[in-house]
Amino acid sequence: MLIKCACYAHAIEVVKEDHGVELCMWTVGHDPECRTLRDRIRWAWHELIGKKGWTDECILDADGAEKLARILLQYSDELKGTK
Ligand SMILES: [Zn+2]
């Protein structure tokens, strides 16, 4: 699940793994299926010149915070085997 930052330039990706939950912060557009060829070339250039493809902050509005809380609780319950 991808939860977008209030600025629309970043996102938090929430992935349930076998033994926990992985949180990754991205600049929006990291998903290859959502990017055009131009975007992918621009992204590759961005990486080649040493800029990072991830971010270290993400601001969630009320809806984003609620969405994150709900998915974390859902994954927590699933990992504990209670759902
Ligand atoms: Zn942002």
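How many residues lie between β2 and β3 in the hairpin that they form?

Author: Happy to! The hairpin of β2 and β3 has four residues between its strands. A word on the ground rules: this is a predicted model, in which local features need pLDDT of at least 70, side-chain atom pairs count only at pLDDT 80 or more, and totals for chains, interfaces and linings use all residues. Residues are numbered from 1 along each chain as its sequence is written. Helices (H or I, at least four residues) and strands (E, at least two) are DSSP runs, numbered from the N terminus.

Let's start with the hairpin itself. Strand β3 covers residues 21–27 and runs antiparallel to β2, with seven bridges between them; two strands count as paired if DSSP finds at least two bridges between them. Along this pairing, Ile-12 stands opposite Met-25 in β3, and Val-15 faces Glu-22 of β3.

On to the other partner of β2. Strand β2 (residues 10–16) is joined to β1 (residues 2–4) by three bridges, again in the antiparallel sense. Here Ile-3 stands opposite Ile-12 in β2. β1 and β2 also make a hairpin, with five residues between the strands, and there Tyr-8 takes a positive phi near 65°.

Put together, the three strands form an open, antiparallel sheet in the order β1-β2-β3. β1 and β3 stand at the edges with a single partner strand each, so one side of each has no neighbour in the sheet. Neighbouring strands are turned by 20° against each other on average, direction ignored. Helix α2 packs on this sheet and touches β1, β2 and β3, its direction making about 15° with that of β2. For contacts, two residues qualify if their C-beta atoms, placed from the backbone, lie within 7 Å; axes are lines fitted to C-alpha atoms, for helices over the stretch in contact, and angles run from 0 to 180 degrees between N-to-C directions.

What of α2 itself? Its 19 residues (62–80) reach 27 Å from first C-alpha to last, close to the 27 Å expected at 1.5 Å a residue; the expected span is 1.5 Å times one less than the number of residues. Gly-81 follows α2, with a positive phi near 80°.
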